[in-house]
Amino acid sequence: MKAVRSTLLIAAVALSGCASSGSGADSSQQASWWNPLTYHWSSALPWNWFGSSLTATEQGVGGLTASTAMKEDAIKDGLNGDYTLRQGMRSQNGQVVSFWQALDDGKVKLVIYGQSQIERIEVMDSAIASSDGSKVGDAFSNKFSKAFDNCTLASGTDARDVACRAPGSQHLTYVYHGDWHGPEGLMPSDDTLKNWKISKIVWQR
């Protein structure tokens with residue numbers, strides 16, 4: 001998807017060059033039907049052809065919020081059509097959990113959970129930042145100096161990781177992953193955690 005964007009941008013530059021060149025006769029013919037003074041040049045800029053970059057905020061991720069339906073069209077629109085969607089289900093604690101995966105170049109970049117509406121979004125795409133600028137791959141020490149009062153042991157498939165609430169947030173959590181050879185159920189030391197990286201940003205309704 002992102003490779004396609006690059007191709008389109010190159011094509012746009014080439015086309016804009018063609019539009020500005022030509023003989024005097026061609027230019028006069030263009031002037032009879034095209035008025036550059038009334039044209040909105042900003043809309044022709046390639047970087048304005050696409051929506052703004054997605055951001056994880058208190059409301060959700062990009063256009064995905066708690067009111068977004070768990071339907072393909074609604075999710076695709078909320079993600080600006082940037083990803084290929086794939087639906088799935090799995091069993092968790094004796095219940096069936098429905099989700100959508102958003103893929104780019106065959107790699108899972110987001111997982112969206114919910115029943116009729118979105119309840120949880122997991123972001124693994126380093127191109128998506130949170131409202132405070134944090135991204136997947138950022139070090140624990142970039143945001144926290146200690147785990148106490150900030151973090152807890154993660155659960156489920158992230159049981160060996162540490163989940164830290166984004167400062168001042170009620171809906172965003174940063175999940176950190178790193179090397180840890182201590183006993184299960186014990187929080188790694190702050191000195192160990194400082195080099196751990198964000199593996200996912202989680203928005204929870």
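Which residues line the largest cavity? Keep in mind on this tour that the model is predicted.

**Stop 1: the cavity.** Select Leu153, Ala159, Arg160, Asp161, Trp180, Glu184, Gly185, Leu186 and Pro188; these residues line the largest cavity. Its volume is about 40 Å³. A search of the whole structure turns up one cavity of 30 Å³ or more. Colour the lining by class, and five residues come out nonpolar, one polar and three charged.

**Stop 2: the disulfide.** A disulfide is a covalent bond between the sulfur atoms of two cysteines. Select Cys151 and Cys164, which are joined by a disulfide with an S to S distance of 2.0 Å. The count for this structure is one disulfide. Cys151 belongs to strand β9 (residues 151-153) and Cys164 to strand β10 (residues 162-165), so that the pair, 13 residues apart, links distant parts of the chain. Look along the S-S bond of Cys151 and Cys164: the angle about this bond is 105°, and the link is right-handed. Show the surface next; both Cys151 and Cys164 are buried.

Stop 3: The largest pocket holds about 660 Å³ of space. Select Gln92, Arg120, Glu122, Ser155 and Gln204, which are the closest to the pocket's centre among its 29 lining residues. Then show the strands: elements that give two or more residues to this lining include β4 (84-92), β7 (118-123) and β12 (197-204), and also β9 and β10. The largest share, four residues, comes from β5. Coloured by class, the pocket lining has ten nonpolar, twelve polar and seven charged residues.

Note on methods. Residues numbered from 1 in each chain as written. Predicted model: local features only at pLDDT ≥ 70, side-chain atom pairs only at ≥ 80, totals over all residues. Heavy atoms only, no water. 1 Å grid on protein atoms, 1.4 Å probe; cavity = no way out; pocket = protein on both sides within 12 Å on 5 of 7 lines; lining within 4 Å. Points joined across faces, edges and corners; volume = space filled by probe spheres on them. Nonpolar A, V, L, I, M, F, W, Y, C, P; charged D, E, K, R; others polar. Disulfide = S-S within 2.5 Å. Buried < 20%, exposed > 50% of the residue type's maximum accessible area, 1.4 Å probe, protein only.
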